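The following dialogue shows a student how to read features of a protein model. Please keep the structure in view throughout.

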Amino acid sequence: MKFLVFLMIMVSNAAGMDLSGKMFVFPQETNTAHVKLIPANVNLQSLTVCHRSFTDLKRDHSLFSLSSTNDHNHFLVFMNWAKQEIQSHVHNLFVGYGGLDYAPNKWHSICTTWNSSSGLVQMWFNGQPLVIKYIAFTLPLTTNPIIIVGQEQDSHGGGFDAKQSFVGMMCDVHMWNYVISPCEIQKYMKEKNFTPGNVLNWAALNHQKTEKVLTENKQIGCHADDAPTPGNSNLV
């Protein structure tokens, strides 16, 4: 009975929580578990979105989903497994980036920029800039956005499909309402000091967790000299 209660829908709210050194864990394939990210502002003439993810999925899955009352794919970062490409969607139009070493069970850092005045999109993958591409639609994103990680929105704030859900770990989600510089993107990729997002800031994240999404310490590698010495019982 306790196990069944544990699996019931749970909603977790946090306003401006510092998630530095933390990660979201999505441990199961569902059409319900997700995190809603509450933006600090919704004036998105242009944008940059950065995030890190870790998964072993071998199917389609969403990495970042922003819908509006007009477009369910207002801005979407999506792994299309059949085409072996990560796609950037804006206003239900998209461009794809293939030929990436999207290896399973490894952390991947992805940043996507979009400029409404030019219609240009660019993705950065694990520190490398990819080719700049053009999306014809250049209207700003201003219509009541709902931002979700863990699921892909097929309607405004819903329409989730388990076979497009994200299973794995995700952290360091930031969003700006402008195109940040290549230097700032490189700092983000290398986990150095950078200007945090002014729309979404992982160090002050207003979010709502629904159902089985856990917040855990981020798993990072350790150096050989960090290993405990023989006979040392103070294991971390």
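Q: Which residues does T55 touch, not counting residues up to four places away in sequence?

A: Contact means heavy atoms within 4.5 Å. By that rule T55 touches H61, Y102, P104, N105, F166 and V167. This is a predicted model, in which local features need pLDDT of at least 70 and side-chain atom pairs count only at pLDDT 80 or more, while totals for chains, interfaces and linings use all residues. Residues are numbered from 1 along each chain as its sequence is written, and side-chain values use heavy atoms, with hydrogens and water left out.

Q: Where is T55 found, and is T55 buried or exposed?

A: Buried means under 20% relative accessible area, exposed over 50%, and partly exposed in between (1.4 Å probe, protein chains only). T55 counts as buried because its relative accessibility is 7%. T55 is found in the loop between β4 (46-54) and β5 (61-67). Helices (H or I, at least four residues) and strands (E, at least two) are DSSP runs, numbered from the N terminus.

Q: How many helices and strands does the protein chain have?

A: The protein chain has two helices and 16 strands. Of its 236 residues, 49% count as buried. Among the contacts with a separation of 6 or more, 70% are between residues 24 or more positions apart.

Q: Which residues of helix α2 are buried, and why do they line one face of the helix?

A: An α-helix has 3.6 residues a turn, so residues three or four places apart point the same way. In α2 (residues 182-189), the buried residues are E184, I185, Y188 and M189. Seen down the axis of α2, these residues fall within an arc of 140°, so they line one face of the helix. The arc is that of the directions from the helix axis to the C-beta atoms. The buried residues of α2 pack against β4, β9 (108-115), β10 (120-125) and β14.

Q: What follows α2?

A: The residue after α2 is E191, whose phi is positive, near 55°. E191 is exposed, with a relative accessible area of 51%.

Q: With which residue does E191 form a salt bridge?

A: A salt bridge is a side-chain nitrogen of Lys or Arg within 4 Å of a carboxyl oxygen of Asp or Glu. E191 forms one with K218, the closest N and O atoms being 3.1 Å apart. This pair links distant parts of the chain, 27 residues apart: E191 lies in the loop between α2 and β15 (205-210), and K218 in the segment after β16. Salt bridges that share partners join R52, D172, E191 and K218 into one network. The side chains of D172 and K218 meet at 3.2 Å, N to O. D172 belongs to strand β14, and K218 to the segment after β16 (214-217). Both D172 and K218 are buried.

Q: How many salt bridges are there by this rule, and which residue forms one with K163?

A: The count comes to six salt bridges. K163 forms a salt bridge with E29, the closest N and O atoms being 2.9 Å apart. K163 is in the loop between β13 and β14, E29 is in the loop between β2 (22-26) and β3 (34-37), and the two are 134 residues apart. K163 counts as exposed because its relative accessibility is 52%, whereas E29, at 38%, counts as partly exposed.
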